[in-house]
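Subject: Structure handover

Hi,

Here is the structure I promised to pass on. My notes follow below it.

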Amino acid sequence: MDALSREATLNELGYVRPKTLDEALAKLNQPDLRVRVLAGGTDLLRGLKRRVNGIDLLVDVAEVPDLKRIDGTGDGRIVLGAGVTMTEILESPSLVERVPLLADGCRVVGGPQIRNQATVGGNVANGAACADLTTVLVCLEADALVVSAAGERRIPVADLVADLPGGLPGGSLIRAFEFTPPHPAETTAYLRLAPREAMSIARAALAILGGLGDDGRVTSLRLAWGAVFPHPRRVPEVETILHGRKLEDGVLQEAVRVMENVFLQESGDRWSAPYKRNVVTAFTERGLRQVLGGLA
Amino acid sequence: MKIHFDLNGQEVEVEASASTTLLTLLRETLGLTGAKPACEVGECGACSVIVDGRVVDSCLMLAAQVDGRRVVTVEGLVAAQDGPNDLQQAFLDAGAVQCGYCTPGFIVAAEALLARNSNPNRQEIRQGIAGNLCRCTGYHQIVDAVEMTAARRRGYKSQGNRGGHAKDALA
Amino acid sequence: MSDLHVVGHPFWAIDGVDKVMGRARYVGDIHLPEMLVAKVLRSPVPHARLARLEMAPALKMPGVVAAVCADDFFEHGSLGYPVKDAFVLAHEKVRYVGDPIAVVAAETEQAAQDGVRAIVCDLEELPGLFDVEQASMPGAPLIPLVPPLGKGNLVAEQIVRYGEPRPVLDGCEFVLDERYACNHQEHAYLETEGALAVPDEDGGVTVYANDQSPFINRDNLVMVLGIPPDKVRVIQAVVGGSFGGKDDIGYQTSAQVAALALKTGRPVRLTLTREESMLASYKREAMRYHVILGADSDGQLKAAKVEILADSGAYASMTPLAAWRASVHAAGAYRYEAVHVDTQVLYTNNGYSGAFRGFGNTESVAVIEQAVDELADRLGEDPLAWRLKNCLRQGDRTMTGALLDHEVGLTRCLEWVRQHSDWDRKRTAYARQAPQDIRRGIGVACYFHGSSLGGEGEDYATATLEVEDDFSLTLTSGLTDFGQGSRTVYTMIAAEALGVEPQRIHMPRPDTQISVESGPTVASRATMVGGNATQVAAKKLDGLLRKAAGDALGCLPGDVARFGEKYVSPSENALDFEEVVKHARQMGLVLSVRGRWQIPTIEWDFEQGTGKPYFCYVFGAQVAEVSLDTRTGHTEVLGVWAAHDGGRIIYPQGAAGQMFGGIAQGIGYALMEDMRFDRGYSLHTNLDGYLVPTALDVPPVDLKFIEEPFEQGPFGARNLAEPVMIATAPALANALAQASSYRRRALPLTHEQRVLGDPLLPPGSRQRCLTAMDLNA
């Protein structure tokens with residue numbers, strides 16, 4: 001029993017709800033305090049009673065207008081505030097229409113209660129390997145706009161999550177995500193496997209985007225996986241196989257084989273690999289067929 | 001810290017520590033025990049309340065987060081004469097209440113659904129209550145109750161079976 | 001056309017108004033002045049000697065008022081039925097992760113938690129036993145302090161002996177010899193266990209508990225507290241679901257708070273967190289079956305030999321009795337010439353097992369219905385048609401050799417589900433599917449289920465009925481309602497038998513001070529046994545009122561007609577209920593009666609494995625249709641068709657609710673509820689890992705109650721709450737077998753099982769369990 005220790009629970013916690021981004025950053029920028037951003041709270045506040053003494057101050061960013069924007073930039077990109085909730089995304093006609101992949105990712109998260117609170121920024125910053133919105137944003141080649149007292153940096157979401165130990169660098173928060181919406185001629189899909197039809201995290205997810213030229217050859221292809229690698233990521237090894245080619249049987253099977261190898265290389269020693277490899281191959285095949293013309 | 005908010009149509013001000021969840025505040029400080037603890041990790045919806053028109057899990061919210069907001073609990077959803085409202089009555093008529101522990105959460109989630117969608121089909125109803133677990137009823141009669149209520153509120157008889165499948169079973 | 005006015009007509013839960021308005025008071029909702037909160041110290045290891053326990057440091061913590069351990073109870077708080085192997089708090093050993101060791105009462109939950117942390121507890125770990133098949137091998141760690149049968153980890157044995165199957169099997173053309181496994185299942189009632197004890201001024205205590213049986217609770221409290229019965233009162237609070245799960249742990253929890261209340265002189269409340277409930281409460285037993293079936297060349301079943309190994313976990317709880325029910329149902333609802341069943345119940349350190357809806361028959365049906373499906377397949381016969389050929393009918397003998405002398409609606413159930421599911425067309429079509437990724441399957445299962453306790457014990461219930469001064473009626477029963485609607489059913493029965501408006505009847509929750517002991521609310525006995533007792537009471541009262549009415553109206557009691565609540569003479573003079581009551585009182589009649597009903601004696605010889613196990617049976621069949629993604633295992637349940645023969649239905653919405661709810665639990669049991677242990681540590685600690693079906697996981701359900709009348713039930717009713725869950729899992733397993741062309745012979749059929757035939761083992765169980773208990777490795 002000596003080796004087991006009992007950690008104390010949350011003692012006196014501070015809470016503040018800034019009204020502007022600058023105020024929020026000022027609150028975050030207190031190096032001698034352990035400060036965390038509170039967005040939707042659906043990850044952070046789970047099991048609050050058992051959360052260890054790791055937090056001195058919660059900065060609730062729900063009322064920071066800068067984080068709630070859904071805008072276009074001048075040059076056709078979309079800016080999605082990190083504090084936008086999943087429900088708000090689903091209720092935004094322009095987002096649903098222009099970026100159905102984003103809506104697909106939101107629709108399958110949790111249930112209504114979770115989606116009403118959970119934010120896109122929180123989903124990414126929580127750093128889970130299965131994070132649905134991260135997977136989608138990686139497929140969209142989104143950048144995260146990360147602000148701190150030192151200013152703003154643009155970090156591709158794919159790189160951000162690769163470096164995340166489980167929280168952004170102290171004193172910073174994600175302000176927004178920026179990405180170019182898929183071209184109207186491109187097709188997207190979100191394939192997801194979960195043990196039940198609601199309130200389940202993904203066991204495997206594929207956000208896929210594909211486009212064909214008039215000659216039927218692949219002009220664009222992006223595969224982003226969730227829950228099969230340590231963090232959501234693209235698979236250039238597979239994408240390059242198909243660029244400039246037509247989706248014929250031989251090519252498809254080659255892509256599936258390479259995908260399975262990539263999976264086994266990186267995740268093959270995980271306990272779930274013997275099962276997940278089946279899902280990886282199935283989703284690769286179906287996803288490619290779905291976005292590159294003709295369902296399986 | 002002081003928390004000031006609109007609770008079921010009345011302004012309230014309470015004192016609570018920052019680490020208190022909204023669920024605990026409602027149940028222990030304000031004596032409203034309708035919302036229930038059942039998992040306390042946002043998985044089952046038994047603690048559901050409505051904040052600014054949206055159904056949320058109160059176990060996953062700090063009391064502090066509702067400062068300046070409008071909160072509606074099951075206790076706020078009564079009929080004028082202090083009895084069950086039409087949705088609650090529909091739950092009774094349809095046989096949708098067994099042990100009743102999950103019921104307040106479902107009532108709240110269903111009200112939130114109907115506020116946004118006055119004509120949900122059965123699949124949409126199921127999606128609207130997908131964040132609420134019930135271990136007793138198998139959900140069927142709960143869906144019946146919500147469907148019946150939606151129809152009544154729209155002002156005409158529902159196309160489906162009123163009184164749910166219980167009648168069919170004995171046909 | 002029914003001539004009944006209440007029974008069989010739409011009604012609603014009599015306690016429903018409070019529930020829908022959020023006003024129903026469950027244990028966790030009750031707040032009393034001066035109330036203390038209790039927290040429990042639980043074992044973080046599966047098997048250890050309790051070497052040192054020092055409570056004094058806890059008492060020094062601010063806000064802590066008292067703490068108790070095993071020494072604070074009579075005979076160390078020893079309890080348990082049918083095997084007295086458990087304790088209110090651990091004595092000498094801890095035997096599973098979550099085993100309660102000590103309880104602290106304090107002013108706040110935080111203070112109580114700090115008190116728990118301050119307790120000095122040294123545990124010397126012992127080797128653990130995690131595989132039930134090793135439990136009886138030489139050298140296996142010994143778990144009980146006193147082996148119940150003098151044979152190490154053997155808890156109980158059950159046998160069935162009907163004829164001699166060996167020679168019959170030798171002569172059979174077709175023999176199936178396979179092994180099957182069913183996992184544990186977690187009750188996952190939405191309300192966790194809890195109790196609130198309030199001390200009385202005279203040294204007694206009142207306990208509000210969400211337990212299954214207040215009288216058993218009271219008797220246990222008397223025993224472990226060492227105080228007389230008239231000083232202990234148990235009142236059942238509104239219960240948020242039980243499914244058999246709030247027995248033992250309910251009584252332990254009650255005893256813990258009762259002792260603290262008596263010690264402190266203040267009310268003490270303990271409600272378990274979900275993690276505690278999931279770790280500490282008992283589960284459905286995991287069972288392993290070896291099934292041998294023999295059929296002749298015509299496909300007629302001839303003989304069966306079944307061996308069952310039941311994992312009782314750390315304590316016996318009700319597993320010996322569940323194992324008996326499993327045994328006397330193990331070969332299914334079919335005719336045989338000979339059946340032998342041999343069951344062993346063994347201890348392990350995998351949590352502990354006890355009662356859960358179906359109580360052994362859920363497991364047996366899950367297995368035998370897969371086995372006969374495989375047999376039918378080898379015979380080249382349609383599985384539903386094969387069942388119609390072999391299943392029980394009135395006048396047949398069951399697998400124990402007992403004569404079925406009452407109406408048997410099983411074939412009607414099978415025919416109904418066959419027709420309504422469009423079985424014949426689909427079964428054939430799906431057998432001919434092209435080998436594509438997504439394939440469909442349709443499967444069937446049927447069951448018989450013995451009503452009430454059967455050979456388990458004396459089987460009776462008592463109801464009381466009294467007319468109050470305000471002309472309302474108070475009805476009590478010792479049987480309890482945890483949501484399944486028994487109080488509603490009794491109210492309806494009483495109203496029907498008495499000819500009064502149901503609204504006149506008030507039924508308080510069971511209270512040992514005012515209700516009369518009626519045995520446990522288990523075993524599908526509530527409607528029949530409790531309902532009959534209610535009807536007996538109502539008829540007695542009716543007799544008294546008729547006497548009074550006849551006297552007042554100047555006619556014979558037997559000539560009084562009833563129109564609504566009115567009593568009418570042949571000459572058409574009428575009296576109100578109130579007038580009749582007044583007259584009865586003037587006559588000196590006492591309008592307070594007691595009704596008792598007991599199941600006629602049945603004899604089961606546990607030593608010989610022979611006899612009549614049950615007074616009567618209920619029957620049913622279900623069909624399930626699935627769409628399976630053969631590559632990922634993802635399964636969509638397209639529909640379930642369910643028919644149950646439980647006699648007359650008293651409360652229609654309640655009956656339908658039991659069916660819908662039971663099917664949902666069956667879907668969970670079959671497809672997603674994965675309660676396993678990794679070296680004694682539960683894989684899951686909350687509902688985010690242990691998955692039960694959501695509203696999007698249940699399909700459209702068509703259901704039918706075949707109401708074969710049963711004379712000896714109240715208004716012809718038998719029962720249904722338990723058995724309606726038991727056919728769903730095997731129907732799904734059989735549907736998946738058709739869709740996938742694989743038979744996995746294990747439940748649950750998680751994705752990994754469906755695709756690989758191997759459930760795989762996620763790591764990290766120990767860490768999750770320790771975190772759930774506020775500990776760090």
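Is C:Thr206 buried or exposed? C:Thr206 counts as buried, because it has 20 C-beta neighbours inside 10 Å. The cut-offs: buried means 20 or more other C-beta atoms within 10 Å of the residue's own, exposed means 12 or fewer, and partly exposed lies in between, with C-beta atoms placed from the backbone.

Before the rest, some ground rules. This is a predicted model, in which local features need pLDDT of at least 70 and side-chain atom pairs count only at pLDDT 80 or more, while totals for chains, interfaces and linings use all residues. Residues are numbered from 1 along each chain as its sequence is written, and chains are lettered from A and ligands numbered from 1 in the order in which they are written.

Around C:Thr206

C:Thr206 sits in strand E12 (residues 205-209) of chain C. Helices (H or I, at least four residues) and strands (E, at least two) are DSSP runs, numbered from the N terminus. Leaving out residues up to four places away in sequence, C:Thr206 touches C:Val198, C:Asp200, C:Arg233 and C:Ile235. Contact here means C-beta atoms, placed from the backbone, within 7 Å. C:Val234 is 28 residues from C:Thr206 along the chain, yet their C-alpha atoms are 5.7 Å apart.

Domains of chain C

The assignment gives domain 1 (27-126 + 193-271), domain 2 (369-454 + 608-767) and domain 3 (460-598). These bounds come from an automatic or database domain assignment. The centres of domains 1 and 3 of chain C, taken over C-alpha atoms, are 38 Å apart. Their contact takes 14 residues from domain 1 and 13 residues from domain 3. On the domain 1 side, helix H5 (214-225) and strand E13 (232-236) of chain C are the elements that give two or more residues. That side divides into six nonpolar, six polar and two charged residues. The classes: Ala, Val, Leu, Ile, Met, Phe, Trp, Tyr, Cys and Pro are nonpolar, Asp, Glu, Lys and Arg are charged, and the others, Gly among them, are polar.

Helix pairs in chain C

Helix H10 (residues 383-390) and helix H11 (residues 410-420) of chain C pack at about 165°, axes 10 Å apart. H10(C) is therefore roughly antiparallel to H11(C). Axes are lines fitted to C-alpha atoms, for helices over the stretch in contact, and angles run from 0 to 180 degrees between N-to-C directions. Under 35 degrees counts as roughly parallel, over 145 as roughly antiparallel, 65 to 115 as roughly perpendicular, and the rest as oblique. C:Leu384, C:Arg387 and C:Leu388 of H10(C) meet C:Thr411, C:Leu414 and C:Arg418 of H11(C).

Helix H13 (residues 486-498) and helix H14 (residues 526-553) of chain C pack at about 30°, axes 9 Å apart. So H13(C) is roughly parallel to H14(C). Their contact has nine nonpolar, six polar and two charged residues.

Between chains

In chain B, 47 residues are in contact with 49 residues of chain C. H2(B) gives the most to the chain B side, with five residues. That side has 26 nonpolar, 15 polar and six charged residues.

In chain A, 19 residues are in contact with 27 residues of chain C. Strand E1 (5-6) and helix H11 (273-291) of chain A each supply at least two residues of the chain A side. H11(A) gives the most, with five residues. The chain A side divides into eleven nonpolar, three polar and five charged residues.

Best wishes

Definitions and conventions. Contact = placed C-beta atoms within 7 Å.
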